[in-house]
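I opened the model and kept a running notebook. The entries follow in the order I looked things up.

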Amino acid sequence: MVLNSLRIKKAYGCAGIIKRLTIEITNDCQFKCPYCIKGIPNVRRISHIKPEYIDKFFDICRKYDIYNENDLRIYITGGEPTISPYFLDIIELCASCDFVRDINILTNGYNTDEIYIKANNICRRYNKMFVNNMTFHFNKLTNLDNYIHKAQYLINNGVILLLSIIIDIDYVSIDDILNIEQYLKYNFIREVYSVFNKAIPDKFEFIHKFNAQKDISDYRKIKIIIADKNEMIVSDSDIKKMKTNPFRNMYCSGFKENITINEYCYIYSSCSFNIKYKCYIEPQVKKFFDNIRSTKQVCKSNICCYPTPIRYI
């Protein structure tokens, strides 16, 4: 599939528009993966966002009707979010918020079972869905068999869990990759994928077959309309496997729908990384939302990160 050679007129997520807030609650992590998009190995000072700053942001959003009830999907990430000293406090703060619809964490899964169960129980008290998106990384601290047992234990204790396996083809042994096949029978395994800009070789056919056969939710599907009015459906994984972003230089509504607050309390469009505004200072938050709502933005990213926005020329 060579989307870059096609004349794309429009693309949009099959699940419709979903407003998303990513909160990077810490830049600390037990792992120091060289492919980390957050650049954790180069972090010099550990920072954790405090719950009171997020609470203040929520209050500002209520005052200016930024979000409607059950409007917002929250992703809590890092670094590794579960090692923030405020992790469970932030889970409760988000779960108790009226305009939050569900809470997802992006975790390396290395923490204790107990902390994931506690987070899930907090969300259940507020009738909010909690989804544990766990990624297995090959390194000296991890063992895939242990992660499979952990996933089974958490699921048996009521946690909704999806496990992804990431491979850096230059550092993971052939034996370790072949060993993955025996675990692909488990329904909670979401996908096996490579780090950005590296492909999994064709000789590992079982991985490509697994990913191709795995059911993809509408939330991860993108409908693409080509210049001759033909249509095709691709997944967000298909896009991320490409060396270049096929939606680059197209207008994208993701600038308005995907917002990030980082561990230093800055708020910005997840697509632009234009860091100017603090999330707890009311005039700055208001100006930020006024700006992103009043302007059209062209995507300049090298990789497309989100399935749901509308892209158009």
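**Entry 1: contacts and overall form.** I began with how far apart in sequence the contacting residues lie. Among contacts in the chain with a separation of 6 or more, 76% join residues 24 or more positions apart. I note here that the model is predicted.

I then checked the radius of gyration. A compact globule of 313 residues would have a value near 20 Å, and the chain has 20 Å, so the two agree. The C-alpha trace spans about 55 × 55 × 40 Å along its principal axes. I counted secondary structure next and found 9 helices and 14 strands in the chain.

**Entry 2: surface and burial.** I computed an accessible surface of about 15700 Å² for the chain. Carbon and sulfur atoms hold 48% of that surface. Of the 313 residues, 49% are buried.

**Entry 3: nonpolar cores.** Which residues touch the most other members of the largest nonpolar core? I found Phe57, Phe58, Ile76, Ile91 and Phe289, in a core of 71 residues. I picked Phe58 and listed its contacts, leaving aside neighbours within four places in sequence. They are Leu21, Ile74, Leu93, Cys94, Cys97 and Phe99. There is also a second, separate core of 11 residues. Its members include Ile226, Val234, Met250 and Cys304.

**Entry 4: an open sheet.** In what order do the strands of the open sheet run? The order is β9-β8-β1-β14-β10, with 5 strands and antiparallel pairing. The edge strands are β9 (231-235) and β10 (251-252), each of which pairs on one side only.

I went through the pairs one by one.

- β8 (residues 221-226) pairs with β9 over 5 bridges, antiparallel. Lys221 has Ser235 of β9 as its bridge partner.
- β1 (residues 8-13) pairs with β8 over 5 bridges, also in the antiparallel sense. Ile8 bridges to Ile226 of β8, and Gly13 bridges to Ile222 of β8.
- β1 and β14 (residues 311-312) pair over 2 bridges, antiparallel. Here Ala11 has Arg311 of β14 as its partner.

The hairpin of β8 and β9 has 4 residues between the strands. Within this hairpin, Lys229 takes a positive phi near 75°.

**Entry 5: Asp168.** Last, I checked a charged residue in a loop. Asp168 sits between β6 (160-167) and α5 (174-179). Is Asp168 buried or exposed? Its relative accessibility is 5%, so Asp168 counts as buried; the cut-off for buried is under 20%.

Technical notes. Residues numbered from 1 in each chain as written. Predicted model: local features only at pLDDT ≥ 70, side-chain atom pairs only at ≥ 80, totals over all residues. Heavy atoms only, no water. Buried < 20%, exposed > 50% of the residue type's maximum accessible area, 1.4 Å probe, protein only. Pairing = 2+ DSSP bridges. Core = buried A, V, L, I, M, F, W, Y, C linked by side-chain atoms within 4.5 Å. Contact = heavy atoms within 4.5 Å. Rg over C-alpha atoms; globule rule 2.2 N^0.38 Å. Areas by Shrake-Rupley, 256 points an atom, 1.4 Å probe, with all protein chains shown as cover.
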